[in-house]
Structure formats: structure tokens, C-alpha cells
Amino acid sequence: MQFDDDAGLDTSEVQDLRGSGGGGGIGGRVAIGGGGIGVVGLIIYFLISQFGGASLGTNSASSGLGLDNVGSGQQLESTTLSQKCHTGADANRDHDCAIVAIINSVQDYWSQEFARSGQTYRKAPTRFFTGGVRTGCGSATSDTGPFYCPADSDVYIDLSFFDELKTRFGAQGGLFTEAYVLAHEYGHHVQNLTGTSKRGTGTGPTSGSVRLELQADCYAGVWANHASTTPTESGKPLVQNITQDDIASALDTASRIGDDYIQTKLGSGQADPSSFTHGTSAQREKWFTTGFTSGQPARCNTFSTNNLG
């Protein structure tokens, strides 16, 4: 995945809370919404629920994870991102700037897609944090994984999560894996804006929760289809190319964050379909692929099909 050296970056879409005193501890509450607990926060749920700890209702407005002493994130006085991230050339050599570029590209696509439908897309910032953060949905630690909070319409991520994805879960990693995760979370923002989020309830293989997550995967694929042709406000596409290796890395990640894979590999060793909230590995791969090959958000209506894959 490469960025156009001359395309401009908009760092206003990212708020850097790292180093702002938001540590974490044990015993409290977290409230995560917008499709449960993020693209792979479900992993933590199974580890906690099967090896001891509080239960977590992924669709509850307030769910206990056993977190406390999570500091309130405040935006850094430093303007590091705005000082170092100006163009695609910066994104090609600096990881933080690459994340800014991905977020810019995803939001530029949805802004233009909403406009084509006569609607207005409201941009949402991504907040980088370390350790813990307080959000409009409650307090969370890094163990929650990347997540979207509908109460404040923000995406939250501790960037060290991507290392965990490789070391703990064996994913291939790479920049496009990170793009897939972020585009999935912005898929939840789209669902929040369109009113679909409220349909993401229940558990089980055909539940609203599973359909919501698979739709977010599909939306991530739709963005990937258009990424290299979506211009930024400067008129140039930020993403120069997405390769087959990039797509393979996204599908590899999807295969490792399905309910069945997590339960059998990291949980009890057996899959319990009645508890599914995110979909199987095969379903997650299928719906990302559906979005990528079609490039059409309308093809992502997981709520209107009996065949989730």
C-alpha cells in the first residue's frame, strides 16, 4: 500500500491522546457501542469470560469489563502530528502519518458517497490513546481493541494493538491490515449516521449483532475498492495503489477474528454458535470480499439476506 507523495494530509481528523495520563487498572465499567466492542475486542471478551472475569454484553449500552482508574484523555499540547504529517510522502515514511492518510482516505470516500446520495456525511475523528481512555461510551483500556463509540461519534485505538494482532493471533500484519481495521470501525460510523446501528442486537449466527459486524466488514471492502480513485480535498487520491498482497493480508486478519476461530483457538476449544456476535471467519472474509469486488455499499445489506455465508 503506497500513498501519493504530493497528496495533502488532514491531521485534524486525528486527535493524539498518547501520553496524556490515561492509565488503566482493574475493576470498573466500560460502555462500548457501534457494533459491540470493535473489530477484535471480542477476543478479549472470550478470554475474560472463559478464563475468569466479568461478563460483557456486547450490545449493552453499558457493559462491565472490569476496568477502572482509566484516566480521562486530553488532547496533547504538542502538535506533533500536524508538524510532521503534511503529504503522502510523509505517510510513506512515517507510520503515524500513514494512519492519518488511511483515515483521510476512508472519510473522503464516505463524504463523497453520501453526497452522491444527497446526504451529508459527518466526519468523525480517530483518537490515538495509550493504556486507557474515557469516552462518551464510558472508560476503556487498550485490551478493548479498536472501537467506535456512537455516543461521541469517535473511533478509538491504541496503535500497539496492531503488534498484538501479529504476536498473539498470528495475523500477517502490514499496513493494509491496519487500514482494514480502521475502515471497519468507520463502517460502524456510517451505520450510526444511517440509523442501522440500532439493529445490531442479540447473539447467534443470524443475530443483528452478527449482521452489523459483517456489514462493517463489507463497507471496509467497498472503501478498499475505491481507495486509489477517491480524491482528497486537494484533488488527488491519497492511496496510490492497493495490491493483491494487501487484500490477502486483510482476508488473513478477517480469518483470525471470526467467532468460531476465537472460540476454538483462544477459548474453550469449541465453537458455540448461540453466542456469536461478529460472524465466523468465513463470513467475515466473504463480506469484505463482497464489498471489495462490488464497490457498492448497497451490496452490503446483510439485514436483507438469509444467506450470510
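## Cys 149 and the basis of the model

Cys 149 has a relative accessibility of 0% and counts as buried; buried means under 20% relative accessible area, exposed over 50% and partly exposed in between, with a 1.4 Å probe and protein chains only. The structure is a predicted model, in which local features need pLDDT of at least 70 and side-chain atom pairs count only at pLDDT 80 or more, while totals for chains, interfaces and linings use all residues. Residues are numbered from 1 along each chain as its sequence is written, and side-chain values use heavy atoms, with hydrogens and water left out.

## The disulfide of Cys 137 and Cys 149

Cys 149 is bonded to Cys 137, with an S to S distance of 2.1 Å; a disulfide is taken as a pair of cysteine sulfur atoms within 2.5 Å. The torsion about this S-S bond is about 100°, so the link is right-handed. Cys 137 lies in the loop between strand E6 (132-135) and strand E7 (138-141), and Cys 149 in strand E8 (residues 147-149), so the bond ties together parts that are 12 residues apart in sequence. Helices (H or I, at least four residues) and strands (E, at least two) are DSSP runs numbered from the N terminus.

In total, three disulfides are counted. One joins Cys 85 to Cys 97 at an S to S distance of 2.0 Å, and its torsion is about -80°, so this disulfide is left-handed. The pair links distant parts of the chain, 12 residues apart: Cys 85 sits in the loop between helix H2 (80-84) and helix H3 (88-93), and Cys 97 in helix H4. Both cysteines are buried, with relative accessible areas of 3% for Cys 85 and 1% for Cys 97.

Cys 218 and Cys 300 are also bonded, their sulfur atoms 2.1 Å apart. An S-S torsion of -75° makes this link left-handed. The two residues are 82 apart, with Cys 218 in helix H7 and Cys 300 in the segment after H10, and both are buried. With the bonded cysteines numbered in sequence order, the pairing is 1-2, 3-4, 5-6.

## Nonpolar cores

The largest nonpolar core has 62 residues, and Phe 176, Trp 223 and Phe 288 have the most contacts inside it. Such a core is a set of buried Ala, Val, Leu, Ile, Met, Phe, Trp, Tyr and Cys residues joined through side-chain atoms within 4.5 Å. Among the elements that give two or more residues to this core are helix H4 (95-116), strand E9 (154-157), helix H7 (208-226) and helix H10 (281-294). H4 provides the largest share, 11 residues. Apart from this core lies another, of eight residues, including Leu 17, Cys 137, Cys 149 and Tyr 156.

Beyond its neighbours within four places in sequence, Phe 288 is in contact with several residues, among them Phe 176, Tyr 180, Cys 218, Ala 224, Ile 247 and Leu 251; contact means heavy atoms within 4.5 Å.

Ser 249 belongs to helix H8 and, at 5% relative accessibility, counts as buried. Residues up to four places away in sequence aside, Ser 249 touches Gln 172, Gly 173, Phe 176 and Thr 177.
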